[in-house]
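Open the model in a viewer and switch to a cartoon view. The stops below go from strand pairs to the sheet and then to the core.

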Amino acid sequence: MLQYYMESGEEMRIDKHPILSFEKKKELHFMFNGRDLVGYEGDTIAAALHDNGIMHYSNSLVKKRPRGFYCAIGNCGSCNMTVNGVLNVKTCMTLLEDGMIVESDVDEVFIDD
Ligand code: FES
């Protein structure tokens with residue numbers, strides 16, 4: 001069971017900045033581990049999850065430590081998740097699409113001792 005959610009329910013997205021403006025784009029609905037969530041056109045999957053306060057995407061192979069958004073440039077694999085049934089998708093590099101089904105890789109990476 002994933003445990004690392006923001007408890008406040010506030011969005012993580014920056015919407016006010018002294019010199020930049022951020023227009024919200026088209027809403028995209030997607031499922032994450034059975035929850036219906038909203039992201040925006042142009043978001044990566046990881047950015048949309050982060051905006052929804054979700055930080056725990058999978059567990060490490062051996063020690064089963066939580067993994068999540070880390071390098072954000074496709075180098076570490078810490079953000080790998082199952083997307084539309086495809087394992088090990090780098091969610092920091094994959095753009096969100098309407099209707100996507102995103103699942104943590106927790107069950108796939110657990111190894112029984
Ligand atoms: S966060 Fe490192 S590959 Fe996605």
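Select S1 and S2: these two strands pair in the antiparallel sense, over six bridges. The model is a predicted one. Pick Glu27 and find Tyr40, its bridge partner in S2. Then go to the hairpin of S1 and S2, where two residues lie between the strands. Asn33 in this hairpin takes a positive phi near 45°.

Met31 has Ile101 as its bridge partner in S7.

S5 and S7 (residues 101–103) run antiparallel, and two bridges join them. Select Val83 to see its bridge partner in S7, Val102.

Which residues have the most contacts inside the largest nonpolar core? Select Phe30, Ile45, Ala46, Ala48, Leu49 and Val102; the core has 16 residues. Strand S1 (27–32), helix H1 (45–51) and S5 each supply at least two residues of this core. H1 gives the most, with five residues. Nonpolar side chains tend to be buried together in soluble globular proteins.

Finish at Ala48. Leaving aside neighbours within four places in sequence, Ala48 is in contact with Phe30, Leu37, Gly39, Asp43 and Leu96.

Definitions and conventions: Residues numbered from 1 in each chain as written. Predicted model: local features only at pLDDT ≥ 70, side-chain atom pairs only at ≥ 80, totals over all residues. Pairing = 2+ DSSP bridges. Helix = DSSP H or I, 4+ residues; strand = E, 2+ residues; numbered from the N terminus. Core = buried A, V, L, I, M, F, W, Y, C linked by C-beta atoms within 7 Å. Buried ≥ 20, exposed ≤ 12 C-beta atoms within 10 Å, placed from the backbone. Contact = placed C-beta atoms within 7 Å.
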